[in-house]
Each structure stands twice: as structure tokens, then as C-alpha cells.
Amino acid sequence: MTKKELFDIIDRVLDGKGTIREEEMLVNFLGSFQQDELTWNEPEWGSKKDFEAGMAGRIKQAVAQQQREVSVPKMPGRVRKGYFVRRWWVAASILFAMLVGAYWWTSYNSKLAAPAVAGNSLPVVPGSNGAVLTLADGSKVLLDSIQQAVVALQGGATASVVNGELVYEGTGNEVVYNTMTTPKGRQFNMTLADGTRVWLNAASSIRYPTVFSGKERRVEVSGEAYFEVAKNAAMPFKVQVKDVAEVEVLGTHFNLNAYENEASINTTLLEGSVKVNGTIIRPGQQAQVMANSPETKVVQRADIEQVMAWKNGIFRFQDADLKQVMKQLERWYDIEVKYEGAIPDIHLQGKMDRGVALEDVMRFLADYNIATRLENRTLIISKNR
């Protein structure tokens, strides 16, 4: 990659137009740059000092432009105390600056008030990979620190952790169920005995047989999961969400959001076709099932990037109000959010790396005139006076 190609990627990413692949390339490059893992080509790249200054200049220019774009438009038929649009690269810019060098981050950070953290509160780190596997006999296996091991032999199947992923292999007719649960602050992925791959978001669970037999493959899910279902026309794959929703597929990729504190159960299709409570949807569509309604609403053009953000390691907000944002943060940082007074009327738009520390999130909220303080694992939010 030439210097021009790299700077073009930087400009696209900071302008919110970069692809996920370009974002990953940039983060990897900057990490290597900081750790001196690159073989430096002085004639092509110039001196490291000049290169670093040029990159920091681009970041500062992007943040300055963002600050000029903050606005408070009037909304018809409703008085709003504040509506703010903030691009994702405010968070990303700080991350990039930290990777490039401490001097710009220190300068920027010194302008922000330090988050209020009670003396007895430990630092809150972002979530990580981990889960609890509950076997058929009720015994539990903590998967957080296992990278490579056989964890159970049951029902004709072997359950192993391979490179940090739970994998089932085997055949048989014995119906034995396991449950994999991700607490708050954890996510995990697995491969079922039929080859279907499942990714679980934080605060989610999946119950499944160790091997599939009979005329169908049936699992039960709560929370959020992404599926890449192995094709088997003779044995449809069905996902049950309590007695509210059933998703039926033959072989497909889809995301299922079924958190109890969300307004609806959302099935978003990326590839293939699925049937949700009898309603067929196509790639790019989303089926929404309300808990108190038999109807299934179909969104014709779902925001796939937003739906899949969690699996791709980012938060992505599209005109999301503060309460919606806090639900995601509660699950990922394993915290509880409380509000003092009315919930501030603020909407967010953009992306943020899920590896950002909670204290940095608190700094961002302070920039929106939102006061926060952390007491143990409770984040208390109010509007600055």
C-alpha cells in the first residue's frame, strides 16, 4: 500500500465513507505503526515524524469539521431540547490518535472534564469473549479462558473448544440438550453438530440438542444471535423465541434480535429466505413481531450495517435516542444505567468501536452536555444545568 492509498483510506474513514474492511486495515496499520512492526520505506513514506504529523492533522481537521456540524434543528409538531448528530469518527479518531502517538490524545483529552467516578468504583472494561455452557445434567462449564479442549462427551456428540469457539461433532438418536449463555459483557460463537454456526451477543442464550435427528432441527433463543445455517432441505432449521415467534429456514444467514426489553422481535435476513410466523422475507428485509400482537410487520429495506454492527465489533447508531444507546451499553459493559430526572432528549448517529473504555464513552456524553457519574457498576445520567 502506498502513502497516497493509505491517506485516501484515512480520509474516507474519517469522513464516514470507509468500508468495514478499510476501517480494519487502518486500525491494523496504525497498531503496527505504533509498535514499529513496519519496515519503513523512507523515500516513499517520508520521515516517520512528518508522516505522524500529517496523520494527526487529518484527525484534528475531521474533529473540527464535526464540531461545526453539531446543530439543533426544529422538529415539526414537537419541541425538542436538543438534537445532535455526531459522526462515528469522533470515537474512532481518538482511537486512531492513541495508536499513532500520545501527544495529540493528551492534548485533546486535557480539554475534556474527567468522568465522575466514585472512589470505590473499579474501571469498567468493555466486553470480551466468554460464555457459560450448561450440560444436560445441569453442570456448568465456564468457557471464558478455554482456547483448546474437549469439554463434554454426551448424546453421541463431542463438545470441544477449538480456537476459542465451541464446536459439536458426532451423530446419534439420543436427544440431549445443552444451553450456552452469554452474560452481560460477554459474547461467544459456536458450531452445532449439523455445521450451523451461531454467534451470541451479550446477555443471550441458545438451547439446542447436541445432535440433530428426526424431521427438523429446532433450537430456542433469547437475546440476540446471528446464524449461518447449514443447508439440509430434508430437515428444516427452526428457531423458537418463547411462544411468540418461530423462524423457519433451510439454509441461510440471518440475525435475530429477541431481547425482552426491546419493543419487537426482529429477524433480519442477509442471505437465502426465512419464514417468520408464516411470513416469508427476502434478503435485505426485516420481520418484526410485536410481543402483544399476532401481526408480523415486514421492513422492506433493513439497515443491515446497523443490525450486524455488534458482530463486526462496533456500535452503530442511526438516529438512536439516549435510552436505546444505553440498553446496548448496559449489556456490553455489564453495567446498570439509572437516570436522575427526565431522560435527556438526545439522538445519536454514527459508529463507535466496542473496545472503547466506558470512561471515554462518559467523556463523549459530557460533550453533549450530559452529566454522568459511575458508582460501582451503576452509571447515573442527568443533564448538566
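What share of the 385 residues in the protein chain is buried? Buried residues, meaning those under 20% relative accessible area with a 1.4 Å probe and protein chains only, make up 48% of the chain. This is a predicted model, in which local features need pLDDT of at least 70 and side-chain atom pairs count only at pLDDT 80 or more, while totals for chains, interfaces and linings use all residues. Residues are numbered from 1 along each chain as its sequence is written, and side-chain values use heavy atoms, with hydrogens and water left out.

The protein chain holds nine helices and 25 strands, both taken as DSSP runs numbered from the N terminus (H or I, at least four residues, for helices; E, at least two, for strands).

Helix 8, residues 322-333, packs with helix 9, residues 358-367, at an angle of about 165°, and their axes lie 12 Å apart; the axes are lines fitted to C-alpha atoms over the stretch in contact, and angles run from 0 to 180 degrees between N-to-C directions. The two helices are therefore roughly antiparallel, a term for angles over 145 degrees. In their contact (heavy atoms within 4.5 Å), L322, M326, L329 and Y333 of helix 8 meet L358, V361 and L365 of helix 9. The residues of this contact comprise seven nonpolar, no polar and no charged, where nonpolar covers Ala, Val, Leu, Ile, Met, Phe, Trp, Tyr, Cys and Pro.

Helix 9 is largely enclosed by the rest of the structure, because seven of its ten residues are buried, namely L358, D360, V361, M362, R363, F364 and L365. Just after helix 9, N369 adopts a positive phi of about 70°.

Notes. Angles under 35 degrees count as roughly parallel, over 145 as roughly antiparallel, 65 to 115 as roughly perpendicular and the rest as oblique. Buried means under 20% relative accessible area, exposed over 50%, partly exposed in between (1.4 Å probe, protein chains only).
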